[in-house]
Amino acid sequence: MAMITQTFTDAPAPFDDPNADIIVRSSENVDFRTSKVLLALASPFFQEMFEVPQPAAATDGEEPPDTRNGIPVISMYDDRNRVCGKDVVEYILNSFYPAHMQLKKQPALSPKLFNSIVDVATRYRLAPWAIRSAIRDPYLLQVRPFMLFAHACYNNFAEEIVATAEETLRFRTEHFPLDDGLKLISGYQYQMLMDCHRRCGKISAGIARGSDQGWIASNAMLPQNHAPCCRDYRFGVYDWASRLDGSPPPPSWWVECMDKIAQELQPRPHASTISIHVRGMHKSLATASACTICCPFVDHFKGNFVAVLQQKIEAICHQLWRQIIKETAFV
């Protein structure tokens, strides 16, 4: 019977170093040429492995098993004892490679790839860089923030807890998904997540209603009071009137827009909530555009003012979560 000859492919730079002294091979037979020193610094598992005396090289001219051109070859295994795929190996190695040697950004992660990375990083006692980097993945932060929040809590990563918790504010509390990752956190941590969500919503809605106007740099950011666009409101955004000297009240389109933003921020206190609903305020903004005095301010409202308001909402929610981490037994 003819023997099957396996072929091996070298990984792209920076994992194609001809001076490498160790090769990490993936399940697809892609060889990542790297350094024992880097692996040992990143993980006590590899440090202990390399301290074990290795068998002497063969003297009959044959290539010893688990070597390639005289370089030792190792594989990393997942929690099911399967050899890791090239995407997992590349992400793991990139996470602790010197920054100046990383020639491309890490790819967006799928939930499946994220879980594989976490499993391997935990199994091989890797320094927290790989898991921290995966938790910060921009794509997963948008689509699976609860899974990332749970892993951040499980690993006691305070900065990542704040970053992921802020992204859960995209969701209404009644629409919190049933994510398997939540099995990693305690009931106390989940309850704190819910409570902080409600507190962020209340504060954010108050800001949109003008209760805290310290972030307004000048009255130039606000619409001018004039008839007939202003009328006496017996409800809505009262607090803005105090900034505008109280008489007359703000333009009606301003009151309607800010009150709508406040209503939407209460259940979803996230900067994206503002953008979404400003784009849908066609009727109110069309009324403002028809006024020669208000018209120049409409573009300013949709651009500069909304951007500043978003920054304020992000800052106040970030501050609240950092305070919770500092003052409670959250981690």
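Modeller: Let me begin with a term that we shall need: a polar contact is a pair of N or O atoms within 3.5 Å, where, within protein, one must be able to donate a hydrogen and the other to accept it. Please keep in mind throughout that this is a predicted model.

Biologist: With that term in hand, which side chain is joined to that of Glu 167 by a polar contact?

Modeller: Glu 167 belongs to helix H8, which covers residues 158-168. Leaving aside neighbours within four places in sequence, the residues in contact with Glu 167 are Leu 141, Pro 145 and His 270. The polar contact, at 3.4 Å, is made with the side chain of His 270.

Biologist: Is Glu 167 buried or exposed, and what is its relative accessible area?

Modeller: A residue is called buried under 20% relative accessible area. Glu 167 falls under that cut-off and is therefore buried, with a relative accessible area of 16%.

Biologist: Turning to the sheet, which strands stand at the edges?

Modeller: The sheet is open, with five strands in the order S1-S3-S2-S5-S4 and mixed pairing. Each edge strand has a single partner strand, so one side of each is left without a neighbour in the sheet, and these strands are S1 (9-10) and S4 (67-68).

Biologist: In S5, what is the bridge partner of Val 24?

Modeller: Strand S2 (residues 22-25) pairs with strand S5 (residues 71-74) in the parallel sense, over two bridges. Ile 23 has Val 73 as its bridge partner in S5, and for Val 24 the partner is Ile 74.

Biologist: Which residue in the turn between S4 and S5 has a positive phi?

Modeller: S4 and S5 run antiparallel and are joined by two bridges, and in S5 the bridge partner of Thr 67 is Pro 72. The two strands form a hairpin with two residues between them, and the turn residue with a positive phi, of about 55°, is Asn 69.

Terms used. Residues are numbered from 1 along each chain as its sequence is written. This is a predicted model: local features need pLDDT of at least 70, side-chain atom pairs count only at pLDDT 80 or more; totals for chains, interfaces and linings use all residues. Side-chain values use heavy atoms; hydrogens and water are left out. Helices (H or I, at least four residues) and strands (E, at least two) are DSSP runs, numbered from the N terminus. Buried means under 20% relative accessible area, exposed over 50%, partly exposed in between (1.4 Å probe, protein chains only). Contact means heavy atoms within 4.5 Å. Two strands pair if DSSP finds at least two bridges between them.
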